[in-house]
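Work through these exercises with the model open beside you. Try each task before you read its solution.

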Amino acid sequence: MTNHLTSRRGFLRTGAAGLTLAVAAPAYLRAQGAPLKIGHLTPTTGFLGPLGEYAQMGIKLAVEHINANGGAGGRQVELIMEDSVNPQTASTKAERMFERDGVDMIIGEISSASCLTISQVAARYKKCFVNTGGNSDSLRGQDCNRYMFHVETQNSMYVNAEGQYFAGEGMVDGKNWYTLSADYAFGHDLLSAAKAFLETNGGNLVGDDLVPTDATDFSSYLLKIRQAEPDVVALNLAGTQITNFFKQYGEFGLDFTLGGFGFDTVSAWAAGAQNFRGTWPNVWNHLVQNDASQAFVQAFSDAYGKPPENQAWGDYNAGLIMAKAVAEAGDASGDALVGYLESEEAKFDLMKSRPGYFRPSDHQLIQEIYAITALPASEAQNEWDIFTTSDPVPGADQPLESLATAVTGGTCSM
C-alpha cells in the first residue's frame with residue numbers, strides 16, 4: 001500500500017499532472033470552501049457498459065489525485081456517480097443531481113443521444129456539462145449550448161484523420177467502400193461525415209447498413225459484404241457491436257481492408273489479438289510515449305491492475321480540467337467556468353505533444369489524435385499490447401485545428 005500511494009504522489013508531482021499542479025497552485029491562496037460536488041453520468045449497462053466502467057475508473061482516479069493535491073481551488077471534491085442507462089433516464093438523473101444532490105457540474109456520458117438530454121438539463125440550471133464520450137457533430141453544431149464542453153473529439157475529426165491515412169494508402173480515390181453504422185445518433189452522424197469525406201475525395205459508397213445497437217449476429221451483413229467485394233469495410237459501430245463484428249468477420253474468412261471512423265481500445269482488447277485487425281482513429285491510447293502519458297498509465301495500472309482505455313483518459317482529464325477551471329475562475333458557477341474555459345489562458349496538458357484548448361465557437365477541445373494499427377497475432381506481447389500507435393495527428397508542422405475545419409452537424413449558435 002505504501003508503494004502504491006507513493007507512486008501516485010510522485011505522479012502528482014511529475015506526470016499529467018502539469019495539469020494537476022496547476023490545480024493545486026491557487027488552492028492555498030483561497031480559504032477552504034464547501035466541497036466541490038461533481039456529478040458523473042455514464043452508461044455502465046448495455047452495449048456501452050464496458051466503456052462506462054473505464055469512465056468511472058478514470059473519474060475516480062482523477063478525484064483521488066485532485067484531493068491528494070490540495071483540491072480544486074482549495075475545495076475537496078465529492079463525486080456522485082450514476083448509470084445513465086438511456087437518454088430519458090440520463091435526463092432524469094441529471095435533474096436529480098442538480099436538484100437533490102446540489103452538484104456543481106456534471107461530467108461524463110458516452111451516448112451522443114444522452115449527451116444531448118443531459119446538456120439540455122445543465123443549460124436550464126446554468127451549470128456546466130463536460131462530455132467525455134459523445135462524438136456527434138451536431139452536439140458541437142445545431143445542438144450546442146453555452147454550458148456544454150467536449151473533451152472527446154467529434155466524428156468529423158476522426159473521419160478526417162482516418163481518411164488521411166486511407167488516402168495516403170491509395171484506398172480512397174476510385175475505391176469502393178462498404179459501411180456499417182450503429183443505428184443511433186452517433187452512427188448516423190458518423191455516416192454523414194464519412195459520406196461527405198468519400199464524396200469530396202473520390203471514394204464510392206457501394207453499401208451502407210444501419211445496425212441495431214442490440215445486434216449480436218452479423219451474419220446477414222457479412223454475407224452482403226462478401227457479395228459486394230468492397231475495397232474497404234468501414235465500421236461506424238460502437239461498444240460491444242465492434243467486438244462481435246471482429247469475431248464473426250474472422251469466422252467468415254473475409255479479408256477486405258478493415259477500418260473505421262471511431263474506435264475505443266476496449267473493443268480491440270475484448271476481441272483479442274486473434275480477431276482484432278485494421279487501422280482505427282483513437283483519441284489517446286496507453287502506448288503514447290511521453291512522460292505525462294506513461295505516468296498516468298502507471299498510476300492507473302497501480303490502481304486497477306490493467307492499463308487505461310481511452311475512455312478512462314477522457315474522464316480523468318475532464319476531472320483535472322474542471323478542477324483547474326474552478327481554481328482559476330475562483331468560482332464553480334456555470335458562467336464563471338464558461339468564461340475561463342473560453343479564455344486564451346485556458347490551455348491544458350493532455351498527455352500529448354501539444355496542449356489542448358476549447359474552441360470558443362463550439363466548445364470542442366482542440367487536440368491531437370492517433371491512429372492505431374492491429375499487430376499480427378503472433379507479434380502481440382500480451383493481451384493489451386496488440387496494436388501499434390502512430391505519431392500524433394496532425395503532425396507538428398500542421399495547425400492543431402486542421403482536423404476540425406471541415407465538420408458537419410450544422411452551425412453552433414450559443
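**Exercise 1. The largest pocket**

Task: Find the volume of the largest pocket, and say which residues line the largest pocket.

Solution: 
- Step 1. Start with the volume. The largest pocket of this predicted model holds about 180 Å³.
- Step 2. List the lining. The residues are Tyr165, Phe166, Glu169, Met171, Tyr249, Asp255, Phe256, Thr257, Leu258, Arg277, Gly278 and Thr279.
- Step 3. Sort the lining by class. Six residues are nonpolar, three are polar and three are charged.

**Exercise 2. A residue of the pocket lining**

Task: Decide whether Thr279 is buried or exposed, and trace the polar contacts of the Thr279 side chain with Tyr165 and Thr373.

Solution: 
- Step 1. Thr279 belongs to strand E10 (residues 279–282).
- Step 2. Check its accessibility. Thr279 is buried because its relative accessibility is 4%, and buried means under 20%.
- Step 3. Follow the side chain to Tyr165. The two side chains make a polar contact of 3.3 Å.
- Step 4. Follow the side chain to Thr373. Here the polar contact is 3.0 Å.
- Step 5. Widen the view, leaving out residues up to four places away in sequence. Thr279 then touches Glu162, Tyr165, Leu258, Gly259, Gly260, Ala371, Ile372 and Thr373.

**Exercise 3. Enclosed space**

Task: How many cavities of 30 Å³ or more does a search of the whole structure find? Describe the lining of the largest cavity and of the second largest cavity.

Solution: 
- Step 1. Recall the idea. Rolling a probe the size of a water molecule over the atoms shows where empty space is left.
- Step 2. Count. The search finds two cavities of 30 Å³ or more.
- Step 3. Take the largest cavity. Its volume is about 140 Å³. It has 17 lining residues, and Leu51, Gly133, Asn135, Phe186 and Asp264 lie nearest its centre.
- Step 4. Sort that lining. There are 10 nonpolar, five polar and two charged residues.
- Step 5. Turn to the second largest cavity. Its space is about 40 Å³. Thr132, Val151, Glu152, Val283, Asn310, Gln311, Trp313 and Gly314 line it.
- Step 6. Sort this lining too. Three residues are nonpolar, four are polar and one is charged.

**Exercise 4. Backbone exceptions**

Task: What is the phi of Glu229, and what is the phi of His363? Which peptide bond joins Val393 and Pro394, cis or trans?

Solution: 
- Step 1. Most residues other than glycine have a negative phi, and most peptide bonds are trans.
- Step 2. Examine Glu229. Its phi is positive, near 50 degrees. Glu229 sits in the loop between helix H8 (219–228) and strand E8 (232–236). At 57% relative accessibility, Glu229 is exposed.
- Step 3. Examine His363. Its phi is positive, near 65 degrees. His363 sits in the loop between strands E11 (357–358) and E12 (365–366). At 0% relative accessible area, His363 is buried.
- Step 4. Check the peptide bond. Val393 and Pro394 are joined by a cis bond, with omega about 5 degrees. Pro394 lies in the segment after strand E14 (387–389).

Terms used
Residues are numbered from 1 along each chain as its sequence is written. This is a predicted model: local features need pLDDT of at least 70, side-chain atom pairs count only at pLDDT 80 or more; totals for chains, interfaces and linings use all residues. Side-chain values use heavy atoms; hydrogens and water are left out. On a 1 Å grid over the protein atoms alone, a cavity is a set of points where a 1.4 Å probe fits but cannot get out, and a pocket is an open set with protein on both sides within 12 Å along at least five of seven lines; lining residues have an atom within 4 Å of a point. Grid points are joined across faces, edges and corners, and a volume is the space filled by probe spheres set on the points. Ala, Val, Leu, Ile, Met, Phe, Trp, Tyr, Cys and Pro count as nonpolar, Asp, Glu, Lys and Arg as charged, and the others, Gly among them, as polar. Helices (H or I, at least four residues) and strands (E, at least two) are DSSP runs, numbered from the N terminus. Buried means under 20% relative accessible area, exposed over 50%, partly exposed in between (1.4 Å probe, protein chains only). A polar contact is a pair of N or O atoms within 3.5 Å; within protein, one must be able to donate a hydrogen and the other to accept it, and residues adjacent in sequence count only if both atoms are side-chain atoms. Contact means heavy atoms within 4.5 Å.
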